[in-house]
Amino acid sequence: MPLYNKQKSLNLYLSERDDKLTSIRIKPPNAREKTMRIDLGNCLIRSFENGDAASIAKNANNKKVWINLRDRFPNPYTVRDAEEWIDLARCLDPESNFAIAVDGQVVGGVGILQQSDVHACSAEFGYWLGEAYWGRGIMTTVVRHMAPWYLKHFDLIRLYATIFAWNPASAKVLEKNDWEYEGRLKNSVYKDGKLCDQLVYAIFDQTKLKLHRKGD
Ligand SMILES: CC(C)(COP(=O)(O)OP(=O)(O)OC[C@H]1O[C@@H](n2cnc3c(N)ncnc32)[C@H](O)[C@@H]1OP(=O)(O)O)[C@@H](O)C(=O)NCCC(=O)NCCS
């Protein structure tokens with residue numbers, strides 16, 4: 001993909017950041033090897049690879065997945081969309097978006113978007129899974145391992161997730177992992193022609209929290 005397209009995709013991906021890019025940089029492909037690999041038993045968390053596009057598109061091209069995500073997640077989701085996503089994910093530095101793989105196929109994704117300015121201690125945590133893999137405990141496992149992993153490897157104190165109120169399965173995944181319910185953002189989402197509330201959940205790095213709140 002030409003660099004200007006890559007920058008355009010990055011800007012779209014970061015469109016909710018409120019100022020200049022402070023901590024995420026874009027690097028040319030192959031600038032750094034992407035070798036993330038964590039075996040969680042029921043799935044593998046790993047870097048996206050060039051051969052993943054077909055399985056990503058197969059699992060992502062589903063309105064039941066899209067309805068719970070931002071509109072920047074395409075629908076229909078084509079192999080070309082998947083190729084662009086892989087290219088972007090592999091260029092982000094630090095690498096923060098990973099594939100969820102089962103039996104060699106990419107069946108979902110997990111990632112964070114670090115916030116900026118005074119909110120830079122927080123990152124939005126996001127995830128999706130292909131419908132064929134729902135209900136097997138996969139995302140509960142992913143969140144259990146990846147939330148502490150992000151808090152450890154990034155300069156972050158808080159991870160948060162905003163869940164559309166019509167998505168109780170996602171709320172359950174976070175509750176099972178002891179995320180705190182922080183509140184309801186009423187009528188804050190307009191998706192597929194409908195207004196919807198968002199539920200905010202968060203989890204903290206307790207050690208960093210104690211350190212930084214000392215003296216309150
Ligand atoms: C939400 C999603 C990530 C869940 O992944 P998953 O691997 O199926 O989740 P798990 O199997 O680990 O756990 C789901 C839990 O929700 C429960 N659940 C499912 N549907 C539910 C419903 N309608 N109401 C209440 N609980 C529900 C399940 O019973 C399970 O809880 P249990 O283990 O106590 O029985 C997956 O459905 C998905 O990717 N959906 C589309 C994209 C999305 O919503 N992303 C998150 C955006 S915030």
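The structure is a predicted model, in which local features need pLDDT of at least 70 and side-chain atom pairs count only at pLDDT 80 or more, while totals for chains, interfaces and linings use all residues. Residues are numbered from 1 along each chain as its sequence is written.

With these names in hand, the loop between β4 (92–93) and β5 is a place to start, for it holds Pro-94, and the peptide bond from Asp-93 to Pro-94 is cis, with omega near 10°. Another cis peptide bond leads from Asn-75 to Pro-76, with omega near -5°, and Pro-76 lies in the loop between α3 (63–66) and α4.

Taken as a whole, the protein has 7 helices and 10 strands. Of its 216 residues, 27% are buried, where a residue counts as buried if 20 or more other C-beta atoms lie within 10 Å of its own, as exposed if 12 or fewer do, and as partly exposed in between, with C-beta atoms placed from the backbone. Two residues are in contact if their C-beta atoms, placed from the backbone, lie within 7 Å; among contacts between residues at least 6 apart in sequence, 64% join residues at least 24 apart.

The sheet comes next. Strands of a sheet pair through backbone hydrogen bonds, either parallel or antiparallel, and two strands are said to pair if DSSP finds at least two bridges between them. Here 8 strands form an open sheet of mixed pairing, in the order β2-β3-β5-β6-β7-β8-β10-β9. Its edge strands are β2 (37–39) and β9 (180–191), each of which pairs on one side only. From one strand to the next the twist averages 25°, an angle that, like the others here, runs from 0 to 180 degrees between the N-to-C directions of axes, which are lines fitted to C-alpha atoms, for helices over the stretch in contact.

Strand β6 (residues 105–114) has 8 of its 10 residues buried, so it is largely enclosed by the rest of the structure. On to β7, β6 pairs in the antiparallel sense over 7 bridges, and the bridge partner of Val-110 in β7 is Tyr-127.

The pairing of β7 with β8 is parallel, over 3 bridges, and here Glu-124 stands opposite Tyr-160 in β8. Between β8 and strand β10 (residues 194–204) the sense is antiparallel, over 7 bridges, with Leu-159 opposite Ile-203 in β10.

Two residues other than glycine in this part of the chain take positive phi values: Asn-187, near 50°, which lies in strand β9, and Asp-192, near 55°, which has its place in the loop between β9 and β10. Asn-187 is exposed, because 10 other C-beta atoms lie within 10 Å, and Asp-192 is exposed with 11.

Among the helices, α2 (residues 53–60) and α4 (residues 79–91) pack at an angle of about 115°, with their axes 8 Å apart. Residues that meet there include Ala-53, Ile-56 and Ala-60 in α2, and Val-79, Trp-85 and Ile-86 in α4. By class, this contact has 9 nonpolar, no polar and 2 charged residues, where Ala, Val, Leu, Ile, Met, Phe, Trp, Tyr, Cys and Pro count as nonpolar, Asp, Glu, Lys and Arg as charged, and the others, Gly among them, as polar. Helix α7 (residues 206–213), by its count of 0 buried residues among 8, is hardly covered, and just after α7, Gly-215 takes a positive phi of about 90°.

Technical notes:
Helix = DSSP H or I, 4+ residues; strand = E, 2+ residues; numbered from the N terminus.
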